[in-house]
Structure formats: structure tokens, C-alpha cells
Amino acid sequence: MMDHAHDLASVRDATDRLLTAVGKLDNASVTQSSRLPGWSRGHVLAHLARNADALVNVLEGRPMYVSGEARDADIERDAPRPLDAQLADVRESAARFQDAGAAPADWSRTVELRNGVTDSASRVPFRRWVEVELHHVDLGIGYELEDLPAEFTERETDFLAARFAGHPEVPPTRLTDGTRAWRTGREADAAEVTVTGPPADLLGWLAGRRAGSALTVEGGPLPALPPL
């Protein structure tokens, strides 16, 4: 089982970094485009706040979101808010998540996320850590994949490689940063593609944040990955 207490502390640290960085923006900056197509920085911040509350629902046994439509509507409603309101919402929702994580619970239990996805409760703090770190990068305010904690980069690479493992549309693929290696894609029913690059670039490609231009590929073209 994952160390949920460690991950809750990592979420808190990542949230503090994000709030400090966002606190240096102004109202006009919040309305500018993020790196996510169709989303302003306000959309990203609104999503982070609503995701924290959604994961509280998960930990407390309620549906993560009322519906996909309600999730999207909440983000659209909250995106235009001024900076002070965005900061307060991210901070207060993060505190609610930490409070839910501190409550006595069976962390080995299975919980339900969106679209029928289930997972161990012990993994929920890591899932929140992913949201905070990657969306901090998505804001486009100077925090890059290279700035992510090394532990986070390795664990999220593990998670995404496992997610694409066995996927029929992804060829057998070996990933390596020169020190560590992962395998993903279909079972080896054909020649294996080897993708090599720095940890940040491997993660960026797997997470759909980079096109993979900095990666070296042997045995075929760079595989096209399904959207997350």
C-alpha cells in the first residue's frame, strides 16, 4: 500500500509552491491562456479547487462529481474570478482535502473515481499530488517539468507507463532515462521501440505535455499515445 501520509505532506508542499507562485500574478494574468487548449489560467485554478473538493467526496464515499456536465459547468463558472478569489478557493479547498486525509480511515479500501474507475484509497493523495504538480506546469508561469521533485517524476512515470501497458494501440515500448527503465504498450508481439531521454522529457511525453522532440527513438517512430 502506498504511504498516504507521505503523499499528503507532498501535496501540501506542492500546493504551497503553487500558491506562492500564483500569488505573484495579477488579475489580468489570471485571464490569460494557460498551456491547456481552451483554458485560461483561471480555468486551471478553478479546476484545481473543484478537484480537491471532488477528492474529498471520494474519500468520504460520495460520487466524485454529480456529473461530467456539472464538473465542466463549475469550472466555467469559477474561471473568471479575480486573483484573490482564486487563491482563497485553492487554499481553502486544499485545506478541506488535508482534513479529509487526516481523518481515521481504512486506507486499503477501494474507492470510486470518475467514469467507474476504482483505486485504493491510499493512492488518492498521490493522484492529488499529480493534479497540483502538472497543473502548476500548465499555468505557464515559470514552473517547468524540470522543476518537479525527482521522486514525483519517477513515480508519475511509473504510473503512466503502467497505464499504457497492454494498450492495443501502443506498440511494445521500452522507456529509459539512461539509468532507469520502464516497459509499456502491448505485449512484445513485434520489435520493441526504445525511447530514451531526460526524465522531464519522458514524463512530458507520457503526460501529453510535450511532443517528444527531445527524445531519441530506436526501432521505429515515436509511438502515438492515447489521450489521458
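Here is a friendly note on the salt bridges and the domain interface of this predicted model.

1. Ground rules. Residues are numbered from 1 along each chain as its sequence is written, and side-chain values use heavy atoms, with hydrogens and water left out. As the model is predicted, local features need pLDDT of at least 70 and side-chain atom pairs count only at pLDDT 80 or more, while totals for chains, interfaces and linings use all residues.

2. Salt bridges overall. Side chains of opposite charge can pair when their charged atoms come close. The rule used here asks for a side-chain nitrogen of Lys or Arg within 4 Å of a carboxyl oxygen of Asp or Glu, and the count comes to 21 salt bridges.

3. Arg96 and Asp53. These two side chains form a salt bridge, with N to O at 2.9 Å. Arg96 sits in helix H5 (residues 83-102) and Asp53 in helix H3 (residues 41-59), so the pair ties together parts that are 43 residues apart in sequence. Helices here are DSSP runs of H or I with at least four residues, strands are runs of E with at least two, and both are numbered from the N terminus. Asp53 is buried at 19% relative accessible area, whereas Arg96 is partly exposed at 35%. For these labels, buried means under 20% relative accessible area, exposed means over 50%, and partly exposed lies in between (1.4 Å probe, protein chains only).

4. Arg183 is exposed at 54% relative accessibility, and Glu192 is partly exposed at 29%. Elsewhere in the list of salt bridges, shared partners join Arg50, Asp53, Asp74, Arg77, Asp78, Arg81, Asp89 and Arg96 into one network.

5. Glu146 and Arg210. The closest N and O atoms of this salt bridge are 2.9 Å apart. Glu146 belongs to the loop between helix H6 (124-138) and helix H7 (150-164), and Arg210 to the loop between helix H8 (199-206) and strand S6 (216-218), so the pair ties together parts that are 64 residues apart in sequence. Both partners are partly exposed: Glu146 has a relative accessible area of 48% and Arg210 one of 25%.

6. The two domains. An automatic or database domain assignment sets the bounds, giving domain 1 (4-143) and domain 2 (150-218). Taken over C-alpha atoms, their centres are 26 Å apart. With contact meaning heavy atoms within 4.5 Å, 12 residues of domain 1 touch seven residues of domain 2.

7. Buried area. This is the accessible area (1.4 Å probe) that two parts lose on being put together, summed over both. Between domain 1 and domain 2 it is about 890 Å², with carbon and sulfur atoms giving 65%. Phe126, Trp129 and Leu134 supply 51% of the area that domain 1 buries against domain 2, more than any other three residues.

8. Charges across the interface. Two salt bridges are counted between domain 1 and domain 2. On the side of domain 1 that touches domain 2, helix H1 (4-22) and H6 each supply at least two residues. H6 gives the largest share of that side, eight residues.

9. One more pair to look at. Asp138 forms a salt bridge with Arg209, and the closest N and O atoms are 2.6 Å apart.
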